[in-house]
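I open this notebook to keep track of what I look up in a protein model, one topic at a time.

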Amino acid sequence: MPAAPTLSPRQILDHLVKFPTVSRDSNLPLVDWVEDYLASHGIMSHRHWNEDRRKAALFAHVGPWEEGAVVLSGHTDVVPVDGQTWTSDPWTVTERDGRLYGRGTCDMKGFDALALWALVEAHQRGVKRPLQIALSYDEEVGCTGAPPMIAAMQGVLPKGAAAIIGEPSLMKVINGHKGGTGFHVHVKGFEVHSSLLPYGVSAIMEGARLIQWANDRNAAIQAAPRSPQALAFDPPFTTLHVGMIAGGTAHNITAADCRFALEMRVVPGEEVETHAQAFIAEVARIEAAMQAIRPEAAIHLDRFFGVPALTPEPGGEAEALVRRLTGDNAAGVVSYGTEAGQFQEAGYSAAICGPGDIAQAHQADEWLALSEFQAGHRFMQRLVEELAR
Ligand SMILES: [Zn+2]
């Protein structure tokens with residue numbers, strides 16, 4: 001069999017961007033391509049399928065078959081381009097003015113391409129410490145794809161030690177982010193004419209109690225002393241927010257339905273679950289009061305995402321590694337959630353470092369500066385160098 005061509009990071013990126021892996025659609029054509037590319041270089045990869053098998057995560061290991069790998073983690077999905085006006089085709093990498101335009105170039109197929117390049121390079125050159133790659137799905141819809149992928153990896157590969165999550169950070173070291181969770185809330189009331197108010201249940205007025213609970217909790221949180229871990233963030237505390245609400249039929253009918261969405265952004269050092277359970281307990285209390293009036297009344301909760309915080313690790317290995325490779329001695333935090341907290345929760349040391357600026361993510365004409373992509377390439381060259389020593 002003739003030796004397969006080894007692609008440059010840029011050539012890999014061109015391939016990855018051509019797959020329109022919007023989160024609602026399948027990512028399998030991309031996964032097939034990655035699997036074939038790695039196989040053509042003698043690297044076996046593994047899949048973890050989602051429930052309906054329309055999507056898969058892919059992970060692979062090179063180097064000695066032992067624990068302690070460095071893990072390069074990226075997601076394969078991208079946000080939609082619907083309703084956006086693009087200057088060039090979003091599914092083709094177009095270089096102009098020192099920028100690589102295309103959906104996902106910044107968030108985060110640029111890093112994925114660099115990680116795939118590094119894996120092949122590490123395999124061909126031979127490394128003393130193993131390197132793994134982990135490419136997830138469904139990151140952009142609440143980071144729901146990574147936890148099952150991480151669990152599956154641990155059943156198949158020797159456990160890795162330090163995970164680098166390549167979300168766009170301008171190649172700076174990021175060692176913390178807030179965690180969070182969100183609930184779609186459906187309050188089901190009981191309709192009566194409003195003149196008979198005590199005999200009905202207004203879903204809107206009961207929903208308002210839950211929203212006021214969130215307001216009260218925000219006030220209590222903001223009045224409490226700040227924890228040292230929280231002070232790195234702006235704002236330096238956990239926040240609860242209701243971003244949409246709908247319900248009711250007429251001014252003189254107690255509302256049968258009220259729907260709203262509540263999200264919580266939780267600082268490191270606090271458990272997302274503590275806040276989530278406090279809300280669930282309040283829902284149960286209000287629901288019981290509603291049902292005392294009308295047994296048909298109810299509150300349904302649908303939890304649509306949950307991401308643990310990334311907590312800075314004093315002396316953490318991933319952060320130290322990324323510092324050595326970038327020369328960046330500061331450490332920052334970011335306000336967006338990533339899969340880093342999920343790797344950390346599963347027992348990995350985790351830090352974020354990737355090319356590009358999060359400001360360009362999800363935008364029309366998303367771009368990645370060529371200089372960032374090149375800096376990412378040098379980062380991967382130094383990583384492989386270090387693993388080979
Ligand atoms: Zn991302």
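Before anything else I note how elements are named: helices (H or I, at least four residues) and strands (E, at least two) are DSSP runs, numbered from the N terminus. The model is predicted, so I keep in mind that local features need pLDDT of at least 70 and side-chain atom pairs count only at pLDDT 80 or more, while totals for chains, interfaces and linings use all residues. Residues are numbered from 1 along each chain as its sequence is written, and side-chain values use heavy atoms, with hydrogens and water left out.

**Entry 1: the whole protein**

I looked up the overall make-up and found 9 helices and 15 strands in the protein. The radius of gyration is 24 Å, close to the 21 Å that the globule rule gives for 389 residues, so the protein is as compact as a globular protein of that length. For this value I note that the radius is taken over C-alpha atoms, and that the globule rule is 2.2 Å times the number of residues to the power 0.38. Taken along the principal axes, the C-alpha atoms fill a box of roughly 80 × 45 × 40 Å.

I then checked burial, where buried means under 20% relative accessible area, exposed over 50%, and partly exposed in between (1.4 Å probe, protein chains only). By that rule, 53% of the 389 residues of the protein count as buried.

**Entry 2**

Two strands pair if DSSP finds at least two bridges between them. With this in hand I traced an open sheet of 4 strands, in the order S10-S11-S9-S12, with antiparallel pairing. S10 and strand S12 (298-307) stand at the edges with a single partner strand each, so one side of each is left without a neighbour in the sheet. Ignoring direction, neighbouring strands of this sheet are turned by 15 degrees against each other on average; for such angles, axes are lines fitted to C-alpha atoms, for helices over the stretch in contact, and angles run from 0 to 180 degrees between N-to-C directions.

I followed the pairs next: strand S9 (residues 179-188) is joined to strand S11 (residues 257-266) by 10 antiparallel bridges, and strand S10 (residues 239-247) pairs with S11 over 8 bridges, also in the antiparallel sense. Between S9 and S11, Phe183 stands opposite Leu262, and the bridge partner of Val187 in S11 is Cys258. That Cys258 counts as buried, because its relative accessibility is 0%.

Contact here means heavy atoms within 4.5 Å.

**Entry 3: the sheet of three strands**

I found an open sheet of 3 strands in the order S4-S5-S15, with antiparallel pairing. Its edge strands, S4 (94-96) and S15 (367-369), each pair on one side only. S4 is joined by 3 bridges to strand S5 (residues 99-101), and the two run antiparallel; in this pair Thr94 stands opposite Tyr101 of S5. Helix H3 (residues 105-125) lies across S5 and S15, at about 55 degrees to S15, whereas helix H9 (residues 370-388) lies across S4, S5 and S15, at about 65 degrees to S15.

**Entry 4: backbone details**

Most residues other than glycine have a negative phi, and most peptide bonds are trans. I therefore listed the departures from this. A cis peptide bond joins Asp107 and Met108, with omega about -10 degrees, and Met108 has its place in helix H3. Another cis peptide bond joins Asp234 and Pro235, with omega about 0 degrees, and Pro235 lies in the loop between H5 and S10.

Asp97, which is not a glycine, has a positive phi of about 55 degrees. Asp97 sits in the loop between S4 and S5, and is exposed, with a relative accessible area of 71%. Asp138 also has a positive phi, near 60 degrees, and lies in the loop between strand S6 (131-136) and helix H4 (146-156). Is Asp138 buried or exposed? I note that Asp138 is buried, with a relative accessible area of 12%.
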